[in-house]
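I opened the notebook to look up the salt bridges and the sheet in this model. The entries follow the order in which I checked things.

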Amino acid sequence: MKSIFITGGARGIGLETARLFLSKGWNVGIFDLDQQAITEVKQLLDNKRLNTYSGDILNPEVVNKALNDFCSENENCLHVLYNNVGILE
């Protein structure tokens, strides 16, 4: 099964991308800073092929752990990394 990991995936374009790929049968990982938004997405999409991770994209250790965890759930394979996160200053 194919897999996609989406940063900034709890809202907007990232969330719609997750919906699209879930509808196509892909395993989807969403990474986002906003834990509340992640919780809402899990309830909204309620899909066994969805994995969610919360953390700061500026912390490489947190991102690496999330990616490693997602890949281990998907036969150590990642087909698409969609780096959708945006940082406003």
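I began with E16, which counts as partly exposed at 46% relative accessibility. I use buried for under 20% relative accessible area, exposed for over 50% and partly exposed for in between, with a 1.4 Å probe and protein chains only. The model is predicted, so I note that local features need pLDDT of at least 70, side-chain atom pairs count only at pLDDT 80 or more, and totals for chains, interfaces and linings use all residues. Residues are numbered from 1 along each chain as its sequence is written, and side-chain values use heavy atoms, with hydrogens and water left out.

Next I looked up the partner of E16. E16 forms a salt bridge with R19, and the closest N and O atoms are 3.5 Å apart. My criterion is a side-chain nitrogen of Lys or Arg within 4 Å of a carboxyl oxygen of Asp or Glu. The two residues are three apart in helix α1, so about one helical turn separates them. R19 is partly exposed, with a relative accessible area of 35%. Helices (H or I, at least four residues) and strands (E, at least two) are DSSP runs, numbered from the N terminus.

How many salt bridges does the structure hold? I find three.

D69 forms one of them with K65, with 2.8 Å between the closest N and O atoms. Both residues lie in helix α3 (residues 60–72), four residues apart, which is about one turn of the helix. D69 counts as partly exposed at 29% relative accessibility, whereas K65 counts as exposed at 52%.

R11 forms a salt bridge with D34, the closest N and O atoms lying 2.6 Å apart. R11 is in the loop between β1 (3–7) and α1 (12–23), and D34 is in the loop between β2 (27–32) and α2 (35–45), so this pair ties together parts 23 residues apart in sequence. D34 is partly exposed, at 27% relative accessibility.

I then turned to the sheet. Four strands form an open sheet in the order β3-β2-β1-β4, with parallel pairing; I count two strands as paired if DSSP finds at least two bridges between them. The edge strands, β3 (50–54) and β4 (80–83), each pair on one side only. β1 and β2 run parallel and are joined by five bridges. I looked up I4 and found V28 as its bridge partner in β2.
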